[in-house]
Amino acid sequence: MIQNNPVGRLIAHVILIIGILIVAFPIYYTFVASTQTLQEILRPPLSLLPGGHFWENYSAALFGGVGRIGGVGVDRLLFNTLVMALGIAIGKICISILSAYAIVFFRFPGRMIFFWLIFITLMLPVEVRILPTYKIMVDLGLIDTYTGLILPLMASATATLLFRQFFMTIPGELVEAARVDGAGPWRFFKDILLPLSKTNIAALFVILFIYGWTQYLWPLLMTNRNEMSTIVIGLRKMISFADADTEWHLVMVTCILAILPPILVVVLMQRWFVRGLVETEK
Amino acid sequence: MANVELTNVRKVYGSSVEAVKGINIAIEDGALCVLVGPSGCGKSTLLRMIAGLESITDGTVKIDNKVVNELGPAERDIAMVFQNYALYPHMKVYDNMAYGLRNRGMPKDQIDKRVKDAAQILELTQLLERRPKELSGGQRQRVAMGRAIVRSPKVFLFDEPLSNLDAKLRGQMRVEIKNLQRQLGVTSVYVTHDQLEAMTLADILVVMNAGSVEQIGAPLDIYEKPASTFVASFIGAPPMNLVPVKADHSGLVLKDGTRIGAEGLSIPLTGALIGFRPEDLEVSAGTDTHIGGLALDLKVLGVEPVGAESYVYGIIGGERVVVRVPGRSTSNTDDQLRVIIPKQKLHLFGADGKRI
């Protein structure tokens, strides 16, 4: 499929560059807007080059407190979102790897029932069970807490199934060799299963971190106080219906700041991520 | 080092599938016992029961005169070499070998010494820092052996360890395993379906079929005196020729009605099989009846020269047989040959397949 004729390569590159421009331009434009004053943004046309108010805008948004969200700084929102995304990603991985471990390697009564129970939850989207879940959180007094934000999103059928599929490819002889070598269930998990799952864990972490970072509906329900908002909620609150009432330059700054962590996670873990999706190290 | 004793060992899967039907084997200290049989005969199940990887339905397994039925694999003081080697893919060769020792809480310097010694014996010293992925099949096999050796267990268990290697390497590793086992003097149980491997390795050979033991003995004894037609056709390549015969008052009758002289042979009237190894036939030039042997007519179907010897395929009394001839054979297809089976090389089996 790879052709070495120059015209073909040129066309391929042109198409790729156009694609990148289509994806990257809005982000660039957001960045440009985030370095202008509110007046400059409201007076079209917007310049295509960054303005001179980078430090001003960014420090104002990060540490100054933004009026429309009750004077809370974007730094606080970033922190909240980070806690939530990390909590969901790490929690999900821990729970699903352990439940997959139990389902694949242990014979206990009701094993298949549990497996199917987990599997069935795949068919229920979050929105369907959001009201009962909300009621439970209210009863437990978890509104406006990190626990309330993280806990309900942690149980995951998808990740459990993914680990299950991976564990099933581990040859039975390896398990037996470990038994002969005197490795109990916990040792086997820690010394053999975990290292072999590294790439899968990394790939899942990236996916789940972004999933957690971009949550909207659940944090909207769970948080009332501005200090507990996540960045996506904060962003929404900053935008008023009246155009002139919105501090667009700060909104743009928040947008850029909201994009950065997921990009960082993807870039830093890209190597692992790709390996986890493509090959299984065996 | 220890002896291994199996008494009436049975394995039943579910409620009715009997995979192993009451087996008794006693293996002396330091001996290498080979379990051989076709696939599905229960030999691997039996090995896994000795290892503790499979529960024992009935009977007892003793290692070093101690009943180990209820002990887990790690507590039985055994080491096992698996067919696919089962090396830990993420660990270096060194760690693969050290893992079992670490789990037993052995001090670091002692582990180091043992691993290095084993690596020396197996010529793995250069490879200790590699991962299994970077090793060839033969090297992986050696690491699997090393993992067993470092533990210096009471018993080695081998589950078809050579079947993933190519033929040349298999021959080489076979010799190495034998030497190593001799050198270390560790009691071993070795499972294979390859009769050649079984013959060359075994001190005691156990031929199994359909969950039962067909015959136990020294390899050459079994070769020379197979207890049943199953053993006769399983051990030896090409297998023993078996020709059904009927007896009447005047002699023997083959399936196609050919009558042959059978002085001094006592054949039961219910019918029987005569067996003879391919190499035990003498091709006779004339048509004379040989004294002290059975003279038979063979029609040649084809000749297979393999270099040092030739296999002549033919028909005797309606049954296909093989004759092994040293060097090149001068026979051609459709030739009629007169072959003689010396009486002392003749095997007789009853209608039930048991040796008479």
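A crossing of two helices is right-handed if the near helix is turned clockwise from the far one by less than a right angle. Keep that in mind. One caveat: this is a predicted model.

Start with α4(B) and α5(B). Their crossing is right-handed. Helix α4 covers residues 137-150 of chain B, and helix α5 covers residues 167-184 of chain B. They pack at an angle of about 15°, with their axes 11 Å apart. Angles under 35 degrees count as roughly parallel, so α4(B) is roughly parallel to α5(B). Who makes the contact? From α4(B), Gly137(B), Gly138(B), Gln141(B) and Ile149(B). From α5(B), Leu169(B), Met173(B) and Leu184(B).

Next, helix α2 of chain B, residues 93-103. Eight of its eleven residues are buried, so the rest of the structure largely encloses α2(B). Among the buried ones are Tyr94(B), Asn96(B), Met97(B) and Tyr99(B). The buried residues of α2(B) pack against α3 (108-122) and against α4 of chain B. Just after α2(B), Gly105(B) has a positive phi of about 75°.

Now the cores. The largest nonpolar core has 133 residues. Cys33(B), Val34(B), Leu35(B), Leu157(B) and Val189(B) touch the most other members. Helix α10 of chain A, residues 185-213, gives this core its largest share, twelve residues. In chain B, domain 1 (4-227) and domain 2 (241-349) both contribute residues, so the core lies between them.

Look at Cys33(B). Beyond its neighbours within four places in sequence, its contacts include Ile25(B), Ile27(B), Val189(B), Tyr190(B) and Ile204(B). There is also a second, separate core of 17 residues. Val72(A), Ile231(A), Met238(A) and Met252(A) are among them.

Definitions and conventions. Residues numbered from 1 in each chain as written. Chains lettered and ligands numbered in written order. Predicted model: local features only at pLDDT ≥ 70, side-chain atom pairs only at ≥ 80, totals over all residues. Core = buried A, V, L, I, M, F, W, Y, C linked by C-beta atoms within 7 Å. Buried ≥ 20, exposed ≤ 12 C-beta atoms within 10 Å, placed from the backbone. Helix = DSSP H or I, 4+ residues; strand = E, 2+ residues; numbered from the N terminus. Domains from an automatic or database assignment. Contact = placed C-beta atoms within 7 Å. Axes fitted to C-alpha atoms, helices over the stretch in contact; angles between N-to-C directions. Parallel < 35°, antiparallel > 145°, perpendicular 65-115°, else oblique.
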